[in-house]
Amino acid sequence: MSPNLDSPVQTQMAVSALNRPITTTPNPKSRTEGRLGWKRVFVQTDTGCVLGIELDRGDNAHTVKRKLQLAFNLPTEETSLSYGDKILKNDLTSIRNDSALLLTRNLMHRSSSTPCLSPTGRDLGFRDKDRSGPIEILGCSFDCDRMKQVIKDVVKAIKIGVDPIPVRSGMGGAYYFQNTVGESVAIAKPTDEEPFAPNNPKGFVGKTLGQPGLKRSVRVGETGYREVAAYLLDYEHFANVPPTVLVKITHSVFHVNEGGNGDYGGNKGPISKIASFQQFIQHDFDASDYGTSGFPVTAVHRIGILDIRIFNTDRHAGNLLVRKVNNNNNSGTGFGTQLELVPIDHGLCLPESLEDPYFEWIHWPQSSIPFSEEEIKYVEKLDPFRDAEMLRMELPMIREACTRVLIVSTVFLKKAVGFGLNLMEIGEMMSREFTGGDEEPSELEMICLEAIEKVNDEMANLLEDSGEDEVNFIKEELKEEVFEMEEDPVTPKSPRIVQFCNFSKSRNPLSKLDESPEEEEESEEEIDNNNNNNNSEAKFEKSAFSGLVNKWVPSITKLSSSFKGFTLKGKDVIKPNNSGSSTLGNSRSANEQMQTSASFVKLGDLSAKEWEIFLGKFEELLPEAFEGRKSGPACQKQRLGTSCQF
């Protein structure tokens, strides 16, 4: 068994919210009419195999695995079935109908108590009985009539022999689906054909679903889910995101690499995939083919507002479609031509940690124009906590860390707009500097780091004020968290026990931004002395559990070492150069920072209590930061190159 097997990861149902107001509520109507089983699920393996399964009330995770084993002839003894952050065992009642589940290989070897899932007599008739249709929408609690009609048109075309057309451009697999007259009406992007995914058709392979992708904070196989999330969050069709749903789709045109999902059971026919399915928008060109001065200010602002909310790390000119409207059949693009912008490709939004976003519109003059009253009112109505709850309900396989990024970026947007900042200023505060080959945290990240420092101080005070029983309870909770972190080596969390195991006012490693290496050594010696003076704490530190904690310390040390020379003072990120003076550098493009971008702030590492405290501290720090931006020198960051293109 390979040592690099990936851990259970998230998949998700996709839903659609067509032109709905912000106050829209889900439709509770069940979609199980006419089905044979209690529930239907679509299970995907980490190599891309997909199977629709009808569940009975008595079925459990072992039943699902057994059916996968029969259908695909694959071993399932050392696998886990996951549904979001949950590892499914016996109880399947929490699964919603038409959910997407993920089967992944376990990190640890199977114990002797793990049951072998050999076929039984009653299972022999199951093989290859996937009763789902050629295109099935997964989830869809909201109205998605438009996409249902598009799917009907596509299915009719497939039945008369109109095949999808592979998209030659980009890094991932994508396919144009047509109607009966040969017009492209939708574009599908299979999750197992994303860059680095097992069945990528363009040579960008090498990872299984769930491992870090083009961005370390966006896992392979999860970009399609984010496409749906962006559409769901585009309330009232404000930014013009095309209707998007998640589907299980079956066709022989899909690509399968050698050893991929086409090799099971000798099946050489149609291949089933889970994919994002988006309405194709007829357009004249993209933003890279046309001068930006002609783009409507309103369109740029609305797309920028969406990009900030979803923390888009890949908004380049190539994923902004341009349509000519109301030009009286004029084929030119001169004076009098009205243009409409359509944003697409949102697969790299909602990262698991704060990244370096890429906002092409920062360079455009429209971004420096103040927001209109209509735009301000729209932002005021946004509720980040309701947005997060909607994603948890409609896309339950999106990680909690992603929803926290959504909350932070939306709170930041609302406060910044209320303070009077324009789109360019907000985007600049979210963007990192690139100096001397090193990435420096953005102003937003520095605010978050200062808030985390305050959280650490407050948590330390809470521990000091707690009684012995409560301290022991917290210790036990922290022990459990460290053991749980072993299950996910892809993005291991920084164990918070390192922050609080001294039960003193020692600072989190992330707070050592203004300390020299010598001061760090002195601080470590002081911590050791404090531990020696406290017998009960020393025993806790020297226990077997302490060795487990130390296993995770290198990741924290590596992270904190990247902050040496930084300071939290002031509103600019300052770093000494070789001459001893401070410099501010240029930003770099997503192409340059791909795979090397540091994760300075991981909101998913915070406990529920820490997260609650963090939000309060974060909001307290924002007015001063905005005031510093307004009173500081007006200078625009220069970003080089372009962003990633799928």
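Modeller: A disulfide is a pair of cysteine sulfur atoms within 2.5 Å. Keep that cut-off in mind, and keep in mind that this is a predicted model.

Colleague: Fine. How many disulfides does the count come to by this rule?

Modeller: The count comes to zero disulfides.

Colleague: What makes you say that Cys 402 is in no disulfide?

Modeller: The nearest cysteine sulfur belongs to Cys 349 and is 8.8 Å away. A pair has to be within 2.5 Å, so Cys 402 is in no disulfide.

Colleague: And is Cys 402 buried or exposed?

Modeller: The relative accessible area of Cys 402 is 2%. Buried means under 20%, so Cys 402 is buried. Cys 448 gets the label too, with a relative accessible area of 0%.

Colleague: Where does Cys 448 turn up in the helix contacts?

Modeller: Cys 448 is one of the α9 residues that meet α16. Others in α9 include Leu 444, Ile 447, Val 455 and Leu 462, and on the α16 side there are, among them, Phe 614, Phe 618, Leu 621 and Arg 629. By class, the contact has 14 nonpolar, no polar and eight charged residues.

Colleague: Which hand does the crossing have?

Modeller: Right-handed, as α9 passes α16.

Colleague: On to the glutamates. How do you know whether Glu 193 is buried or exposed?

Modeller: Its relative accessible area is 0%. That is under 20%, so Glu 193 is buried. Glu 193 is in the loop between β9 (184-190) and α3 (223-233). Leaving aside neighbours within four places in sequence, Glu 193 has contacts including Tyr 175, Pro 201, Phe 254, His 255 and Lys 273. Val 220 is 27 residues away from Glu 193 in sequence, and 9.2 Å away in space, C-alpha to C-alpha.

Colleague: What makes Glu 360 buried?

Modeller: Glu 360 has a relative accessible area of 15%. The limit is under 20%, so Glu 360 counts as buried. Glu 360 sits in the loop between β14 (338-343) and α5 (373-381).

Colleague: Which residues does Glu 360 touch, not counting those up to four places away in sequence?

Modeller: Glu 360 touches Arg 315, His 316 and Ala 317.

Terms used. Residues are numbered from 1 along each chain as its sequence is written. This is a predicted model: local features need pLDDT of at least 70, side-chain atom pairs count only at pLDDT 80 or more; totals for chains, interfaces and linings use all residues. Side-chain values use heavy atoms; hydrogens and water are left out. A crossing is left-handed if the near helix is turned anticlockwise from the far one by less than a right angle, and right-handed if clockwise. Helices (H or I, at least four residues) and strands (E, at least two) are DSSP runs, numbered from the N terminus. Contact means heavy atoms within 4.5 Å. Ala, Val, Leu, Ile, Met, Phe, Trp, Tyr, Cys and Pro count as nonpolar, Asp, Glu, Lys and Arg as charged, and the others, Gly among them, as polar. Buried means under 20% relative accessible area, exposed over 50%, partly exposed in between (1.4 Å probe, protein chains only).
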